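I opened my notebook to look at two ligands and the residues around them. I also wanted to check some recorded positions and a core.

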Amino acid sequence: MSLRYLTAGETHGPQLTAIIEGLPSNLELDFEALNFQLQRRQKGHGRGRRMQIETDTAQIVGGVRHGRTTGAPVAVIVENKDWKHWTSVMNIEPVEGSDEAKRRVFRPRPGHADLNGGLKYNLKDLRNVLERSSARETAARVAVGAIARQLLAAFGIKVAGHVVSIGEVVAATPNLSIDELISVTEESPVRVADKDAEQKMIELIDRMKSEGDTIGGVVECIITGLPVGLGSHVQWDRKLDGRIAQAVVSINAFKGVEVGIGFEAARIPGSKVHDEILHTAEKGFHRASNRAGGFEGGMTTGEPIVVRGVMKPIPTLYKPLASVDIDTKEPFTAQVERSDACAVPAASVVMEHVVTWEVAKAFLEKFGGDSIEEIRANLDNYIRQVEAY
Ligand SMILES: Cc1cc2nc3c(=O)[nH]c(=O)nc-3n(C[C@H](O)[C@H](O)[C@H](O)COP(=O)(O)O)c2cc1C
Ligand SMILES: C=C(O[C@@H]1CC(C(=O)O)=C[C@@H](OP(=O)(O)O)[C@H]1O)C(=O)O
């Protein structure tokens, strides 16, 4: 059985729930490290008031005993502390004029799921769409990805993420090791290593917020320590770069993805794009550069994975755009719900975890076993085969 998960839960419901199936037994879980990832996702300049209410922590309610996975499905929950403020709105069928009825959403926000979801599911209170389309769900995905991250870490695979740009402000490319990148960007409220860009990004986010507007950006994820050959060229849905692209664009508000130099590859000749092949006794086969971002033929090359994602600006605007009242069909401005002005730094954490998940899944497809020990033996055997090639 390949690794899979589902999430459930509404943004203002009692909790988010995730069930992961296919994890091997004997994976030692570090709960502090898991919660650290959840808390990283809550941070970042530009977030709204909701993040001051929540203190995301994962409770593992199945599949783990004495700190280790047993091979059974792992069930994770993340509580919504805000639930206590929404209990009546979420539970009581509103009667006209009641407080609950006032929270009905009927003027869809351009850029959010409101209108499409209302039409598709035939729902006249667009809150029923909003509750599930909210990026609150990404807390569950980070919890799941943080477990996958620990699985990969057990085999020396490391993950980092940072912000490349917000609006027109681009951070200088940091020339740092993966460990340095992780620690330097952790300290930054916008998750960049470039102090000048950091200040300009903060100012831009503040200006957007004061103007009732929002701003998007580009984030990058890097994964090191991978063996060659995760994913496969033989079938379209086994190409790991393609699977990662799907995962990235599935994040709320993500509209584009680049692998390696990405769109730049369309502008320069092949001689400046492809990574020349080298071999030494010490390193085996390796590359002179990594413009491919760690992929050829849908398989890892053994060089770091480098993937970028594009996040559009947040759709809820405090200075709302034009919309239509779904009851009267009259023009109206869109509804204003409590909102972030910029969630690009937080979204970089989400992207790290959805990419990590896809890599972990491909890792288990290749080296799969029912226990960590069996996987280790499979990996060691494969590494010997590659070294002897
Ligand atoms: C971390 C994060 C936080 C977000 N916060 C908000 C928010 O406060 N308000 C909002 O309107 N959209 C927010 N979004 C984006 C919406 O969830 C998203 O635009 C919406 O679900 C529609 O999906 P689409 O943009 O992918 O088409 C956020 C996205 C992420 C990743
Ligand atoms: C709750 C989170 O983000 C939310 C994502 C979101 C949206 O529309 O996507 C709208 C806001 O929801 P609320 O109205 O509850 O403040 C954000 O706060 C989170 O990231 O945990």
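Predicted model: local features only at pLDDT ≥ 70, side-chain atom pairs only at ≥ 80, totals over all residues.

**Entry: ligand 1**

I looked up the shell around ligand 1. It holds 20 residues, and Ala135, Asn252, Thr316, Asp340 and Ala343 come nearest. Which helix gives the most to the shell around ligand 1? I found helix 11, residues 344-367, with 3 residues. I then sorted the shell around ligand 1 by type: 10 nonpolar, 9 polar and 1 charged.

**Entry: ligand 2**

I moved on to ligand 2. Its surroundings include Thr11, Gly48 and Arg50. I also listed Ser134, Ala135, Arg136 and Ala139 there. Asn252, Glu337, Arg338, Ser339 and Asp340 are in the list as well. By type, the shell around ligand 2 has 2 nonpolar, 5 polar and 5 charged residues.

**Entry: the UniProt record**

I checked the record next. An unreviewed UniProt entry gives the feature "binding site" to several positions, among them Arg132, Ser133, Ser134, Asn252, Ala253 and Arg338. The recorded positions are spread over 207 residues of sequence. They are spread in space too, up to 44.0 Å between C-alpha atoms.

**Entry: Ser133**

I picked Ser133 from that record. I found Ser133 in helix 6, residues 127-133. Is Ser133 buried or partly exposed? I counted Ser133 as partly exposed, because it has 18 C-beta neighbours inside 10 Å, and buried needs 20 or more. Leaving out residues up to four places away in sequence, Ser133 touches His112, Ala113 and Gly117.

**Entry: Ala253**

Ala253 sits in the loop between helix 10 (240-249) and strand 10 (254-259). Ala253 has 20 C-beta neighbours inside 10 Å, so I wrote it down as buried. I set aside its neighbours within four places in sequence. Ala253 is then in contact with Met311, Lys312 and Ile314.

**Entry: the nonpolar core**

I turned to the largest nonpolar core, which has 83 residues. Which members touch the most other members? I got Ala143, Val144, Ile166, Val248 and Val355. Helix 11 supplies the largest share of this core, 15 residues. I followed one member, Ala143. Not counting residues up to four places away in sequence, Ala143 touches Ala18, Leu34, Leu38, Ala58, Val76 and Val78.

How values were computed: Residues numbered from 1 in each chain as written. Chains lettered and ligands numbered in written order. Near = placed C-beta within 6 Å. Nonpolar A, V, L, I, M, F, W, Y, C, P; charged D, E, K, R; others polar. UniProt positions renumbered as here; feature names shortened; annotations may be inferred. Helix = DSSP H or I, 4+ residues; strand = E, 2+ residues; numbered from the N terminus. Buried ≥ 20, exposed ≤ 12 C-beta atoms within 10 Å, placed from the backbone. Contact = placed C-beta atoms within 7 Å. Core = buried A, V, L, I, M, F, W, Y, C linked by C-beta atoms within 7 Å.
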